[in-house]
Amino acid sequence: MSGPPPTVWLNALLVFLQWAQHSVLTVWRALGLTGDVHGQPAWPWAVRIAGETLLIDLGQARQLGLTLIVVVLALLAVCTALLVRRWRAVSFGVAAGLLVVAPWPSAVVFSAAVPTSFHVSPTAFSLASITQGARVYHAACASCHGTDGRGEGPLAATLTRWPPTVVGPLLGRRADGELFWHIAHGMHDARGNATMPAFANRLSDADLWAVLDYMKVLAASGGVRAGGWPVPVAIPALPVRCGDASPTPLAAWRNGQRVRLVAVDTADRIPLEDPRFQTLLITPDGKLPAPTHPFEARCVAASPEAWPVFAALAGTAPRAFSGTQLLADREGWLRARGQPGTAWSDADFLCTSTNRETAGSPTGGLDALIARMDAEPVRYVKGGFMH
């Protein structure tokens, strides 16, 4: 993946800005100064701080970070002036001087906002939602955006503006709530002409959120063919059945461990357990194959929807998915894909910020890949991402 270097301070800044804006929205709603729209609190302002811009322009990010530090110091000086009378003049002077010398960033750190800018998807990126989104997308969106999401549908040429591709980082860097708003209420050019129709009167909110989930899968599927996932993608939420036990939610079963997902068809050999991972089988019918060895993996994604969804995430047709493996890190992010009959190598790492040409030995093997996966965690915030 391309993007800025994995700078810890930048990620901390973005997380703080996201938290601060969410907090302001919560207070505004508690005071009755904003209502709800589409079932969640409405952002009442026309702009927001653009995390995705700060990821690209590190100079502006540094200026904003330093300005926030200076503002905090100025507030401390003001508090000192109010509490200690004999230092009042000096403290007020220090506060004013700090605000004057602060490296105030330009207006580029702000981006146009919509009432749903800070809405959070209620779907948990689940198999059921992705499957629902696939049905809705092919019925309502594919005619313009194309079945593969590249914006080359049969009606694309009839529009006033060519549809954007979802197979790339552009849409992935936009907040989910803003993508939701544009699908629900349409898009317009500078002259007010519609460039995309509104779907709020034709699709439910659940359908719109589901479409966004499916678009993430389309982006991942197309990205694999280009050499890597364009945005971080998590393991979809799903039920896990181990042996004859009742299904367990993925998050509870995974319990902070790495996960190895293995596509196993009827005639395939079931892999043995590996102490480095929790092993999860993906089967066409969502059922656990009959065991033939006591140390075989005994947990399966208990849903037939898992096979086509994970095949798409791996950039593979369902009929050719058998034997494919996917690796996820301890945070649940998918990081690598192993192809049937080939040894693991650095080239299988599909979610990384390191230049592939200088990433290291292409024959490092699975242990080296795991080491890189642990050493290069995914750092992600809504409205922008970084590794």
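**β12 and β13**

I looked up the pairing of β12 with β13 and found four bridges, with the strands running antiparallel. I took two strands as paired if DSSP finds at least two bridges between them. Helices (H or I, at least four residues) and strands (E, at least two) are DSSP runs, numbered from the N terminus. The model is predicted: local features need pLDDT of at least 70, side-chain atom pairs count only at pLDDT 80 or more, and totals for chains, interfaces and linings use all residues. Residues are numbered from 1 along each chain as its sequence is written, and side-chain values use heavy atoms, with hydrogens and water left out.

I noted a hairpin made by β12 and β13, with five residues between them. In the turn, G332 has a positive phi of about 95°. Across the pair, L326 has R337 in β13 as its bridge partner.

I then checked burial. I call a residue buried under 20% relative accessible area, exposed over 50%, and partly exposed in between (1.4 Å probe, protein chains only). Strand β13 covers residues 334-338, and five of the five are buried, so β13 is largely enclosed by the rest of the structure.

I moved on to β9, residues 259-263. Five of its five residues are buried, so this strand too is largely enclosed by the rest of the structure. Which way do its side chains point? I found V259, L261 and A263 on one side and R260 and V262 on the other, all buried.

β9 pairs with β10 (residues 278-282) in the parallel sense over five bridges. There, V262 stands opposite L281 of β10. β9 also runs antiparallel to β12 (residues 325-328), joined by four bridges. I marked A328 in β12 as the bridge partner of V259.

**Cysteines**

How many disulfides are there? I counted one, taking a disulfide as a pair of cysteine sulfur atoms within 2.5 Å. It is formed by C242 and C299, with sulfur atoms 2.0 Å apart. The link is right-handed, with 110° about the S-S bond. C242 is in strand β7 (residues 239-242) and C299 in strand β11 (residues 299-301), so the pair ties together parts 57 residues apart in sequence.

I compared the accessibility of the two. C242 is partly exposed at 27% relative accessibility. C299 is buried at 9%.

C141 is buried, at 10% relative accessibility. I also looked at C79, which is partly exposed with a relative accessible area of 42%.

**Annotated domain**

The unreviewed entry carries the annotation "domain: Cytochrome c" over residues 128-219. UniProt positions are given in the numbering used here, feature names are shortened, and annotations may be inferred rather than shown by experiment. In the model, residues 128-219 are 50% helix and 5% strand. The end C-alpha atoms of that stretch are 18 Å apart.

**Helix α3**

I placed L73 in helix α3 (residues 58-83). L73 is partly exposed, with a relative accessible area of 43%.

**Whole protein**

The C-alpha trace spans about 85 × 50 × 45 Å along its principal axes. Of the 387 residues in the protein, 48% are buried.
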